[in-house]
Structure formats: structure tokens, C-alpha cells
Amino acid sequence: IDGVVVFDTKPLPSQPITVHGPKFTAEVFRSLKRNMKFFAALVYLLSQATFSESYYQPNELKSKNGKLEVTLEVGMLKSLDGFPYGPGYRYAPAYNGETIGPTLRVKPGDTLIVHLINNLDPVSEQDHANYEYLLDPANKDDDIGVTILANRLTPIGNIGASIWGLNYINIHFHGLHIPPKVEAIETALNGGESKTLTWQFPHDQEPGLAWFHDHYHGTNAFSYLASLYGFIVVEGTDNDITKVRGIRDAEEVFLMVGEAMVNEDGTAPPTIWVFF
């Protein structure tokens, strides 16, 4: 479960499917059954939505001369003011003062440079002590203690312990084969800290749609409620399917469905015990 459903109207190259008779058919039906509730919820959601000729699309940043350099600043944002499906408004972290991060467009072989800046308040001393404990190699044998602390559990393993670390931030490019050492999602930025990630896409990188989001374990569900996510598009070659007549002139629309919850005081619920 990723917490966010991503759709793209642009067809992408796919691997051929080999059909193996009744067994394959049974697998298809099982898959449809598993996804039935999701599609029912999606149909209901779309039926309740209001559409107009002008709909919101995230800001788009496109690579130029083989490079895309972007800055993602995380700060508090007031949004959903007067939202009809809940009281109050949402006051939560966001990228660059928007309710969804920018859409990043790159091509195979491009270099991506991301300056990630955490403008949130620094965490408490206790939160920082917890963070340092999880990173300390000397505690690697404390399986129970590390599990309880990382998963915000009570001493007997139940959900609902104290919540800590909400202002720690990092970033993960979901759906792309970026080396773990580049993202280093086991670490995070405290409020007031920043770092730069640099990565060159392989020249044989498959085109497609992916997304990026905060991925500090134990707090990323809160980040999804705060909409700390965005699209990243790897474009194809000059000879891919997007150049086919009927497709090349079609309008491309991105739709990201995320849960937006607010408390009566306008804050986002700290539901951080849904892990991803």
C-alpha cells in the first residue's frame, strides 16, 4: 500500500503477456476480485467530484540540455480552507507552498539534481535522541527496542504509543531504480537542514510515470495526509508510442488521489502508524 493512487492517461510500453489457459484466467479473476473494492471507491469518489474546463495541474519542471535541477522546500501550508467534506482547514507540511509537489520531467540519460530543504521547526531533544538511537550501530542487536521505537509501539507491542519525529524529512523516488545510497531513506533531515541528491538516469531507462514522496519510516503516512508527494515522468524516445496519430495530439492529464483529512483545529491527523 502506497497511500496514493497514481494514474496516467499516456500509454506506456509494456512487456508482452503470455496466456496460459485456465490458470491465467483464474489469476485474472482473482486480481479483479482483489481490486473490486478499490474501483468501487474510485467510481464513488469521481461521482462526487466537481469538474470544470479549468482543473488544477501541478507545476511542471522539465529537463534542459540533459539536466534538471530543482529545489524542494518543505514548509507549513494552510490549505483546504472551507473544504466541504470536513471541518476547518488543513495546516501541514508541503513542497514549495503547493498542495502537491511539482511534476518533474526527465529523459533517459538526464542528470537529476534535487536540493531538499527542510524549513520545518527542529524536532525536540527527545525526538532527536530517538533518531540517533535507531541509527547507532551499537543498538543493532536490540531488535525489540528498535522495533518498538521505530514503529511507535507501546512496550507490549501495541499501536498507539507516543508520536515522534513528524518534522524529519527525506525523499524517495518511487518506481525508479535509484541506488539506496543516493536516497539514504534510513536517514532524515531535521528542521533547518538540507541536502542535495544527484543521479544520472541510464541511457536505457524505460519511460514511464513514477512519483516521489517523503519516506522517513514511521511518519510517512502523516506526510501523505500532508500531500508531500509529486509526479516524475521519464519521457520516451522520438519513436515511442506517444508519437502515434491519435495519441500525440491527446491531452495529458495527471490525477493523483490522496486522502485529505483535517482535525477541527485545522491540523492534519498524525496517523503515522500506517506503515509503507
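**The sheet and its aromatic neighbours**

Modeller: Happy to! Four strands make up an open sheet of mixed pairing, in the order 4-3-6-8. Strands here are DSSP runs of E with at least two residues, helices are runs of H or I with at least four, and both are numbered from the N terminus; two strands pair if DSSP finds at least two bridges between them. Please keep in mind that this is a predicted model: local features need pLDDT of at least 70 and side-chain atom pairs count only at pLDDT 80 or more, while totals for chains, interfaces and linings use all residues. Residues are numbered from 1 along each chain as its sequence is written, and side-chain values use heavy atoms, with hydrogens and water left out.

The edges of the sheet are strand 4 and strand 8 (194–200), each pairing on one side only. On average, neighbouring strands are turned by 15 degrees against each other, direction ignored; the axes are lines fitted to C-alpha atoms, and angles run from 0 to 180 degrees between N-to-C directions. Strand 3 (residues 67–79) runs parallel to strand 6 (residues 111–118), and eight bridges join them. V70 has V114 in strand 6 as its bridge partner.

Now to the aromatic rings. The whole structure holds seven aromatic pairs; rings of Phe, Tyr and Trp (its six-membered ring) pair if their centres lie within 6.5 Å, and planes under 30 degrees apart count as stacked, over 60 as edge-to-face and the rest as tilted. Y95 and F212 form a tilted pair, 5.7 Å centre to centre with 55 degrees between the planes. Y95 sits in strand 4 (residues 90–95) and F212 in strand 9 (residues 208–213), so the pair links distant parts of the chain, 117 residues apart. Both Y95 and F212 are buried, meaning under 20% relative accessible area, whereas exposed means over 50% and partly exposed lies in between (1.4 Å probe, protein chains only). Together with F173, Y95 and F212 form one aromatic cluster.

Another pair is Y131 with Y168: the ring centres are 4.5 Å apart and the planes at 25 degrees, so this pair is stacked. Because Y131 lies in helix 2 and Y168 in the loop between helix 3 and strand 7 (172–174), the pair ties together parts 37 residues apart in sequence. Y131 and Y168 are both buried.
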